[in-house]
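Subject: Structure for you to look at

Hello,

Please find the structure below. My notes on it follow.

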Amino acid sequence: MEAVRRWRSDWRYPTTLLCIYGFFSTVKPLEPFLIPYLTGPDKNFTIEQVNQIVPVWTYSYLCVLVPVFLLTDWLRYKPVVVIQCVSLFITTAMILWTKGVPAMQAMEFFYGVVTASDVAYFSYIYSVIDLKMYRKATSYCRSVQLLGYTVGSVLGQLLVSFNLLSYNNILIFTLVLTAIALLVSCLLPMPQQSMFFHRSHTGKTAVTEGTERHADETVIEEDEKGDAGNGHEEKRPKAVGAESCSRVLLQLWRDFLQCYSSRQLLYWSVWWAMATCGYNQTVNYVQVLWEHVQPSQNFSIYNGGVEAASSLLSAATAYGIGFTEVKWELWGELALGAFSGLGAAALFLMTFVGNIWVCYLGYIVFKCLYMLLITIAMYQIAADLSMERYALVFGANNFGALTLQTILTFVVVDSGGLGLSIIPQFTIYASYFSVIAVLFSLRGLFTVWGAQGSNKESNPPENNESGSDEHRF
C-alpha cells in the first residue's frame, strides 16, 4: 500500500494517466476518410453542403478559444480535460447518428470546443509536476498524441483497405476508445494550483496542498476580522474572488504588452499566426481536393496511409531539428521565408498537376515543412519566456491564426463570400504562402545584412584576426 501511495505522489502517475488519455482520445481511424464518408452513401452530402458544414468549426473555435483559455486556468485544467473528452464523444456520436446540414454544423461546434480545449491537455501537466520534469513530461505527452494519430491513421487504412469494418462500425469503435479516454480523464488528480488564477504567492515555484490551504485560510481570517460587526461576512469571499479575477486580467494585459514589445518575438509570432492559418485551412480541405483530383473511390482508401506517413515524417523532422546547431536568431527568419516558399510550391503542384500521387506527396512535404518551422518558432519564442508568459503568447498567436482563418474562410469558402470551388481555393492558399515566403525572406535578408554590418563595426581592422573566431560561434 505504501508503494502505491508513493507512486501516486510521483510525477510519473499523472503523466502516465495523461498520456493514456492523450493516446485514446487521438486514435481516430475514420478521420482520414471523413470527406469520403460524408459524400458517400452513408450521409450522401454534396461538396457544396460539405463547404457549408466545415467552416462552422473555424467560427466555433474562434468564439470559444478565449473563454476556454480563461476557464481552463480558473477551473484548474482537469474539468476542461473532461469537458474536452465529453465534447469529443458528442462529436463522434453526432457524425454517426445524425443527418442533415444543421446537425453536422452543430457537430462542428462541439469539435471547435474539442480543439480549443487542447490548451488544458498541455497545461495540466505543468500544474502537478516539478519544474525540472517539464521537458520530459512534455515530450511524453506530445509523443503519445502523435502515436495516437499515427495508430488511428494506420488502423483506419487497414480497416478500409481490407474491408474489415464499415464506416459506421469504425465510428462505433471510436466511441469505445473515447469512452476509455473519458474514464481515464476522471481519474486524473485535481491540481491545487494553476498558472494565473490559483498560483502561489509564497515566492516559490510550487507549493504543497497544505501550504496553499493554509494561505487561503489566513486570507479569509484577515477578511473576516476586517468585516467584524459589519454583517458582510458572507459576501466577502465573493469580493476577494472578483478582485483576484480583475487583477489576473490586468496582469495578463501587462504581460501581453511586454511580451510583444520584443521585435524578434513579434516577427516569429506573426509568422506563427499566418502560417498556422494557412496550414489549418489546407488540412481542413485537402480531402476535398483529393476527391476532386480522383473522383472515384479507388484512391481514397490510401488517405490513411498518407496521413500516417506525414505524421511520422513530420515527427522525425521536428525531432531532428533539436540536434541542428544553427543560430536561429540570425538565420531563422530567412529559413521561415525559404521553407514557406517550398510549402507554397508544394501547394501549387497539388493544385495544378492533377495527379493524385503528386497531391499525396505534396501534402506530405507541405506538412513536414510546417511542422519543422513551427517547432523552430515555438522554441525561439519560448526561449526567454516564463511558463506563464509562454502560455499567454501561445494562446494569443493561436487566436491571431484563428482570426485570420475566419476571415479567409468567410471570404474564400463560405457561400456568403466568394464560395469558390476547390481549385481556386487552393490557388489562393498557395499564393498566401507565397506572400509569407516573400515577406520573411526579405526580413531575413535584412536581419543577416544588419548583423554582418554590426560585426564589421564592432571589429576594427587590427582586431579582425583575434575577433573572427569569437563571432563565428
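In which loop does Asn163 lie? Asn163 sits in the loop between helix H9 (134–161) and helix H10 (167–187); helices here are DSSP runs of H or I with at least four residues, and strands are runs of E with at least two, numbered from the N terminus.

Before the rest, some ground rules. This is a predicted model, in which local features need pLDDT of at least 70 and side-chain atom pairs count only at pLDDT 80 or more, while totals for chains, interfaces and linings use all residues. Residues are numbered from 1 along each chain as its sequence is written, and side-chain values use heavy atoms, with hydrogens and water left out.

Phi of Asn163 is near 55 degrees, a positive value in a residue other than glycine. Asn163 counts as exposed, at 66% relative accessibility (buried is under 20% relative accessible area, exposed is over 50%, and partly exposed is in between, with a 1.4 Å probe and protein chains only). Arg76, in the loop between helix H5 (55–74) and H6, also is not a glycine and has a positive phi, near 65 degrees. Arg76 is partly exposed, at 23%.

Helix H6 (residues 78–97) contains Trp97, which is exposed at 61%. Leaving aside neighbours within four places in sequence, Trp97 is in contact with Lys43 and Leu175, where contact means heavy atoms within 4.5 Å. Trp97 and Leu171 are 74 residues apart in sequence, with their C-alpha atoms 9.9 Å apart.

Next, a helix pair. The axes of H13 (residues 263–293) and H15 (residues 328–352) come within 12 Å and cross at roughly 20 degrees. Axes are lines fitted to C-alpha atoms, for helices over the stretch in contact, and angles run from 0 to 180 degrees between N-to-C directions. That makes H13 roughly parallel to H15 (under 35 degrees is roughly parallel, over 145 roughly antiparallel, 65 to 115 roughly perpendicular, and the rest oblique). Among the residues making the contact are Trp268 and Trp271 of H13 and Leu336 and Met350 of H15.

Last, the cysteines. How many disulfides does the structure hold? There are zero, a disulfide being a pair of cysteine sulfur atoms within 2.5 Å. The sulfur of Cys186 has its closest cysteine sulfur in Cys85, 8.1 Å away, which is too far for a bond. Cys186 is partly exposed at 43%, whereas Cys359 is buried at 0%.

Regards
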